[in-house]
Amino acid sequence: MKYGQQFPASLVLGLVQVCLAQANFAPYFYDNGASSTNGNMALFSLSEDTPVGSHVYTLNGTDPEGDFVTYGISFESSSRNFFSIDPNFGNITLIEELDRETALFSSAHSFLQNLHTNKFTMDRHSGVLRIRAGATLDYEKSRTHFITVLAKDGGGSLRGDYVVFSATTTITINVDDVQDTAPIFVGTPYYGYVYEDSHPGSEILTVVAVDGDRGNPNMVLYSFVNGSDKAFRINETTGTISVIVSPSQLKKEVYELRVQVSEVSSSGVLAAQVSTTVTIRVVDLNNHPPTFYGENGLQNMFELTMYEHPSEGEILRGLRITVNDSDQGANAKFNLRLVGAGGIFRVVPQTVLNEAQVTIIVENSAAIDFEKIKLLTFKLLAVEVNTPEKFSSTADIVIHLLDTNDNVPKFSSDYYIARIPENSPGGSNVVAVTAMDPDSGLWGEVKYSIYGAGAELFLIHPSAGIIYTQPWAALDAEVTSKYNFYVKAEDTEGKYSLAEVFVTVLDVNDHSPEFDENIQEKTMVLGTPVKIEATDHDAEEPNNVVDYSIMQAEPANVFDINESTGEIRLKAFVHSLDIIHNITKNRDCTWSVLVQAKDRGSPSFSTTAVFKIDILDETLHRGPMAAFLMQTKDNPMKAVGVLAGVIAIMVVITVFISTAMFWRNKKSNKILPVRRVIRKRPSPPSRTIRAEWLKFKRSHAGDKFAVKDELPNENHNNNSLMFTPPPTAPALPPPPTTIPKISPTEWTVPTVSGSLTPKHTRKLLKQKALDSPVQSALVSELKRKFEKKAMDNKPYF
């Protein structure tokens, strides 16, 4: 039975040639895949029983320039030609019988699996194992090598599948040692110690060396090359080094010995030699602790007297301390530190070898405070560094502190708050301030003083710190309720501190509520309340909080009052004048109410006043002027201000018109006769027309509520009722003597900032409003109130 054979790609590339005639770029094959019969013949497979003369493959290629290509095929020189090819079409024909078992294909291959990890190589065909080029075998590094060999056949078809058989084996290679390595020291580097109590001949240490060829080692011998100074010897066979003199005779602390080892062959000939360094240190025994000395010898306590708060970095020169350790080398090395100093001082130096002068430096000046501690005690400690015994010594440091004036008086608080009633007599205590100066003696004595804008009414005891009022001082919360000034605490050297004092004058209920008048007249429109007001001149609540109540009213049960705001209004069922007329026989619309104003102080004070209230029906006053007059009925200043403004505008207009006429007449050629028009100034209107528009008769029911001078209030605060006839109100300025004729159109008078443009419609409306009886009554009331204010000498402008 014959099997098919697959051609490797490397073989195909070696067999197939493509000829190109005169091309700039090489032609190339089409790659149509491994199973294709047309292309580049890559991985071409052919059964060994294919008949001779069969067409087995067609080569297919092209040229990049489009030139015509020809095809060819060649075999290795040692191989037979099995195929022929058509150079034009690339058709390949089998011309010889195929046999897979012939030399044309290798039947088996041997190779190493671990080529990259060993020093060996193997011939694939012959199986000969060799040492890889450039590699060497070293017995001292590796005495045995293990190699795995893999053998594979050429592969073939088995039951329709392609099968390759293989087998592996392990080869063990043992390396034989030869004398090619010098001796080697073991355990380097070498250190030895000679102690000060060692005896001559004492062993120090042993050096060890072996032949580098461990398979069949030679004997080695030891010797000194240099550095022994005849103080040491070495055993030539064992390598033991000993000291042969007393340690006290050793001149150096450290010896560097050069030791040589020589290899002796089996024939007794010295072969390879190597050397190493052995370090031997002369060690002093630690049998002395650090010791402190003063000016007179051994000393373990040092004292010093100094002022508090020295400068930081200052040296305590009164302390003369020396420290010494009699040992040598590492045994004489120790550290210095302070114990119990708490960061106040530091010591220099901190590390000492054998001996040093000790310096103590101030580290924290603030902590050296006489007021906190008068005696500083701490210890100076010296302790060895690298010895196992850690010997140590201590010395006590005692520092006596002297006081300085380093503190300022300090108040117990940054500010003091005091309260004192306003009726306190002169010389009353206000508050006591306290300042402390921790310094001793005279430096700790404190003197007090006060100053500032608010200190005029107060004094302070210079040593006790008690603040009190001046003997003549009269405090009044209604005038000044708060005082603020500074208090100063000063020591004998002028060091001082300040604190702020805040004094509040407590209000005392020493004022009763006051009405503007004991008898007042109010105008009430149905549905709108009237407000009364009493003023309490006390400074604080509740002394100046006023409550209102109706003590008596005529008629009764008609009025209510808001006890907080003082608003008087008709009861809810009174919504017309007819209802009021039905309540009383009197048909007059003026009613009297006795109102009490009472403060909330303790004890409480009160005041009463009679209010005569004119009640108007809201339907009787209409129009903007009436509304304005009703709004200002309780504030005559507003109405007077508006009236004064209107008058001022009229005067300015009159002056400009007169001036304009004067200049016009002056420029005219016509001479006008001189005329003088004398007009009689109108007399002021009578006050009796105040309520003529009312058709009801005025009642004098409120007269019986008038408060008499001898009637005291419930807290015995008498309010005198002194009435004097009000002065007559000044008459309005007379109109101008000549009034030019004004055209119906508007006119303007130029001014600096603009022009005045009066409108006749306003004058007509004003005149029409004044013709109303309601407006006339309101104007009369405002005029009367203005006269009353003028009587009290209260300015309005």
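Colleague: Which residue forms a salt bridge with E295?
Modeller: R320 does, and the closest N and O atoms are 3.3 Å apart. A salt bridge here is a side-chain nitrogen of Lys or Arg within 4 Å of a carboxyl oxygen of Asp or Glu. E295 sits in the loop between β27 (291-294) and β28 (297-298), and R320 in the loop between β29 (301-307) and β30 (321-324), so the pair ties together parts that are 25 residues apart in sequence.

Colleague: Are E295 and R320 buried or exposed?
Modeller: Both E295 and R320 are exposed. Buried means under 20% relative accessible area, exposed means over 50%, and partly exposed is in between, with a 1.4 Å probe and protein chains only.

Colleague: What should I know about the model itself?
Modeller: This is a predicted model, so local features need pLDDT of at least 70, side-chain atom pairs count only at pLDDT 80 or more, and totals for chains, interfaces and linings use all residues. Residues are numbered from 1 along each chain as its sequence is written, and side-chain values use heavy atoms, leaving out hydrogens and water.

Colleague: What is the average pLDDT of the protein chain?
Modeller: The average is 78, and 75% of the residues score at least 70. pLDDT is the predictor's confidence in each residue, from 0 to 100.

Colleague: Where is the pLDDT below 50?
Modeller: Residues 1-23 are one such stretch, with 63 contacts in the model beyond near neighbours in sequence. Residues 684-775 are another, with 126 such contacts. Contact means heavy atoms within 4.5 Å. Where pLDDT is low, the predicted coordinates should not be read in detail.

Colleague: Now the fold. How many helices and strands are there?
Modeller: The protein chain has six helices and 56 strands. These are DSSP runs numbered from the N terminus: helices are H or I with at least four residues, strands are E with at least two. Of contacts between residues at least 6 apart in sequence, 64% join residues at least 24 apart.

Colleague: What percentage of the 797 residues is buried?
Modeller: Buried residues make up 35%.

Colleague: Back to salt bridges. How many in total?
Modeller: The count is eight. One of them joins K252 and D229, at 3.7 Å from N to O. K252 is in the loop between β24 (240-243) and β25 (254-264) and D229 in the loop between β22 and β23, so that pair ties together parts 23 residues apart in sequence.

Colleague: What is the phi of D229?
Modeller: Near 50°, a positive value in a residue other than glycine. D229 is exposed, at 53% relative accessible area.

Colleague: Which other non-glycine residue has a positive phi, of about 55°?
Modeller: K390. K390 lies in the loop between β35 (375-384) and β36 (392-402).

Colleague: Which side chain does D396 meet in a salt bridge?
Modeller: That of K379, at 2.4 Å from N to O. D396 is in strand β36 and K379 in strand β35, so the pair ties together parts 17 residues apart in sequence. D396 is partly exposed at 27% relative accessible area, and K379 is partly exposed at 38%.

Colleague: Switching to aromatics. How many pairs?
Modeller: There are 13 aromatic pairs. Rings of Phe, Tyr and Trp (its six-membered ring) pair if their centres lie within 6.5 Å; planes under 30 degrees apart count as stacked, over 60 as edge-to-face and the rest as tilted. F185 and Y190 are edge-to-face, at 6.3 Å centre to centre and 75° between the planes. F185 and Y190 are buried.

Colleague: How far apart are the ring centres of F458 and Y483?
Modeller: The centres are 5.5 Å apart and the planes are at 75°, so the pair is edge-to-face. It links distant parts of the chain: F458 is in strand β42 (residues 458-460) and Y483 in strand β44 (residues 482-490), 25 residues apart. F458 and Y483 are both buried.

Colleague: Last one. Where are the cis peptide bonds you have for me?
Modeller: One joins T188 and P189, with omega about -5°. P189 is in the loop between β18 (184-186) and β19 (190-195). Another joins E541 and P542, with omega about 0°. P542 is in the loop between β49 (534-535) and β50 (546-554).
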